[in-house]
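Could you walk me through how some of the helices in this model pack together? I would like to follow the helix pairs and then the residues between them.

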Amino acid sequence: MPLPMPHPVLKTENMNAVDEKSDQIYEDFQEMCFDLNMDKFTARDAWNSYCQVKQNYSLEGKKLHWLACALYVSCRRGSVPTVGHHLAPMQGNFISLTRLLRFAQFSLLEFFDKSKKWAEMSNLPHPFQRNLDALERNFAVTTFLFNYYEPMFKKIYTDPADDPPRPPKSRKQRRGACTASDAFEFTWTLFVLVKSTIPSVSSDLVSTYHLLLACVDYMFGVTVAADRRDLLNRSSPALPENFNSRDYEPPADVPCILEYLCSQFNGLIIEAKSIRRHVWKEKIVQMFASKTLHGDPASLTGILDLEPFELNWKSVNKRYEEYLLTCGNFDERTFLGERAGQEIGTPSKANNYSVTAGDLAERIHVRRNLMLTQNKNVLMPSTPLTGRGYLRAEPAPANSSPTPITASMYSVSRLQALLDGRRPAPSPQLAALFSSCSPDPTETIATLVAEFKAEFSAACAGAVDGADAPDLVDRRFHMAACFFYKTLESVLLSERRRKPDINLLVLLDQSVFHRCLLACSLEIVLFSYNTAPLEFPWLLEALNIEPYDFYKLLEIIIREEQGLCRDVIKHLNKVEEHILDSMAWRRCSRLWTVIEAAGTGNIPTSETVTPHLQEAAGAAASSAGTTLLSPAPHNPTVRRLFVTYSSRSAAKNPQQSPLSSATERFMSPVVPSSARRRLFVAGPRQGVRGEQPAVTVSPALERRVRTYSLITPTPTPAPTLMPTPTSVQTPTPGADTPPMRPKQNSLGLFFRKFYYLASVRIRDLCERLKLMEDVRETIWTVFEFVIVHHVTVMQGRHLDQLIMSAIFVVCKAFGMNKKFTDIMGMYRCQPQAKSHVYRSVLLGVNQKTDGAGGEERLRPVPAPLCPPTPSRMAGTATSYEFEDRNEERGDIIQFYNQVFVVKVKAFVSKFSKSDGKPPLSPLPSPRLSPLPLSRKVSAKHSIYISPLKQSPGRFGERGNVRSYSFNRSPAHELRSINAMVKPSPLPAVEAGKRLRPLLEPAGADESEPKRYKARLRDVLDQRQANVGE
């Protein structure tokens, strides 16, 4: 029966706004809607949105592709009524995304790229943009899973390319016996169907991969039970015993090869068995009960028999197609098709590759190589600019390049090894620390953990779908609770080592510390499993945790937990950057309350919070650990490598940031977040340093501040552990103020990290823009002036917005031909760059009048996760409504003209005068910051690396230490160190002398075999190259 003719798409008044080619574009659009059987309302909505966007933007490329994006959005925003009054309407209009893209000749990769741009231009709601991100992430996950599936299948089954060609069949001809090609396609289709019915598992990369392993294991058991020897690879080690013998008989029990698959394809056997038992088996039982699968429901086999297989093939594909029509997802069976390269969007050189229809092996090989060219940043984000010097090198998987799957597997395995033998309860050593306190905080902490678990479970109920979600949440929290108690024990032992007489209750009585530590433990677990719906900063928003408090623990965890893998450290570094550049500066952040309570007008400069190199050298002896965002050496040419037999010196005297103690960090002033703020009512300010701005402090604020402890810099700084009365000092304008000492409170730590992050990003942008050193220092001076004297400019905004504005205003003052588009182009090259940073900038807030005082005040209301994506560019500012506040937003050029220039115009104009120029603030350099005395580079050996000191003989005087200085020491010293790393029968002291003759040219009477010397030379060269890296 032919499909009914769809209603014609009606032209609207927006047709007049389109160019002269609109008639042909409109005809193509009508034809596409006709082929898709599109309803007239959806088609009209898509055409209207296309015309509106085209009026404001220049749409590059094929217009039909942009119309396909508009049509997809209109389809997903629509709904279809269902039968019955109790059923809610179905979202979408049952148009398959794959069919839509095929009619538009639109590849998936192009669709993902243009759909993001379309979402920005058409100002789509943030939930819809998250759905587009989830769609792209699902595609990236499926790409890597299919890349693992193909070699996994060929390890067990025969090569599908060896199947004989099928004769052409008629419609009435029934499908024959299952072939290897059929098994290959059916196994993949069954996997994607099961995955689509379990959102809680499919959103987790680690669980999804083990679901694939469980699927292949199940199909292998079904194949063996059906005695289909013709399908199995006879050389596979996974086959049962005596499989190739004549008297072989199928085993009575279904075999399991899960351990073999995990050992061959980087799986985790514990996770795989859990997924197979609690997820895969239950879904297969449900499919047998619902007649989706036909066979023996008792043993869950028989699905490959001749008659059931045809029914199973049709029912599994039908169920999956129903899922695609309701969810709007792309068809994951596209990877199996002959036109996979064109539909996915692989490079053109591969699209021209000549592949015959029957050559399945060649098709699979081409697709496998080309799908790996996809952007891995969806699942493997790039390394941030800061903290790169503290990422430990880790071994790469053998015979393969790192992928998101191998990275996640490695992270989870390291986490499991770190928590081996741990329980979600205090260990005997931690229990002894608790019992030494009076009163014992064990029960209080256990109650707090239970309450936190209830909050986390309630928050996950709305974020993770599926019946299996509660079980998944319990498993993740169980691991996080183990990590919490382990890290708490490490922190308390570190506190006790620093101060043996410290009262641990000062830290243990603070619930904010425990909540932040629990949240950080959960964040590490969720990141390791690559759980999509719960990505940062979901956890902080869902559990109402202040970012200003959360960031304080990140450096401590990096320092105390040495077993964390490289990717977890990189993620924590990114989290700290995200908090420093934007999250801590939200209008509702507690940072503003702390700034006001600490003296408001006393915003420190970079010099007052960053110790000098000379001071750091003396302070390094009394500190321990590493700094997450502390500057790392700029690859010094000459370094020293130390090897010692003493394990006690492994972590001796490394440098860390001030306020390294957890007690000191969390004993900084705590002001209620509900307090109303009154920021910076000040007179005129001049200069970056020296004269401090006047501050008017209300009596209510002064009374409130007196009730809290403020750790202020004194000649003999000591952390105040108990609240003491204090007052706020307000210097008068024009008074001479003594130079400020480095601030040692939590606010000083925040600005130290903030200034360093800003300096790294400014330096990187200036290098990309090829700006001179004096211009860079001027940019830094202007930026520091804004932070010190107009810190409210950062409220509700992003650090990168001020950096780009400062660069542009200085380039303009110096008469340099640098456009804002040039600066934004270089900014997009930075790893943290996001388009909403320069497209959606806060221009102003409608402040409400307080009835009591008649003054305009900012209200502390919740902030969204990130600014909305704008639909306008320069000159088209838009007002957005968010709950009970009105924000006016525009692009960065509007922010520069309306806000930034007003603040810095008078100050920047002084640089153009011949006399009276303000002194330049030096741009902080990583070389001037305190460096670790040594850094351990191997987890198995006591090998340390550090910059070359002025007195290199300090370590060489000790008999059990050997050192090597790059480009200075002779080569035999490095060979001696290599011999120590890998012990040999030769004495360690004489290793250097014994190895050196082996590298000399062989004489006529040489008794050693040449191949032995060549092998030894290769080994030493390889070790020397590894040390040099």
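Predicted model: local features only at pLDDT ≥ 70, side-chain atom pairs only at ≥ 80, totals over all residues.

Residues are numbered from 1 along each chain as its sequence is written, and side-chain values use heavy atoms, with hydrogens and water left out.

Two packed helices are described by the angle between their axes and the distance between the axes. Helices here are DSSP runs (H or I, at least four residues), numbered from the N terminus. Axes are lines fitted to C-alpha atoms over the stretch in contact, with angles from 0 to 180 degrees between N-to-C directions.

Let's start with helix α9 (residues 205-225) and helix α11 (residues 269-289), whose axes cross at roughly 60° and come within 9 Å. Their crossing is right-handed (the near helix is turned clockwise from the far one by less than a right angle). On the α9 side, the residues in contact (heavy atoms within 4.5 Å) include His210, Leu211 and Tyr218, and among their partners in α11 are Ile275, Val279 and Trp280. By class, this contact has 10 nonpolar, two polar and three charged residues (Ala, Val, Leu, Ile, Met, Phe, Trp, Tyr, Cys and Pro count as nonpolar, Asp, Glu, Lys and Arg as charged, and the others, Gly among them, as polar).

Further along, helix α33 (residues 799-813) packs on helix α34 (residues 820-827) at an angle of about 140°, with the axes 10 Å apart. The two are therefore oblique to each other (angles under 35 degrees count as roughly parallel, over 145 as roughly antiparallel, 65 to 115 as roughly perpendicular and the rest as oblique). The crossing of α33 past α34 is right-handed. Asp800, Met804, Ser805, Ile807 and Phe808 in α33 meet Phe820, Ile823, Met824 and Tyr827 in α34. Those residues divide into seven nonpolar, one polar and one charged.

Leaving aside residues up to four places away in sequence, Ile823 touches Leu765, Leu769, Met804, Ile807 and Phe808. Ile823 and Ile807 are 16 residues apart in sequence, with their C-alpha atoms 8.0 Å apart.

In α25, 12 of its 16 residues are buried, including Leu572, Val575 and Ile579.

Notes: Buried < 20%, exposed > 50% of the residue type's maximum accessible area, 1.4 Å probe, protein only.
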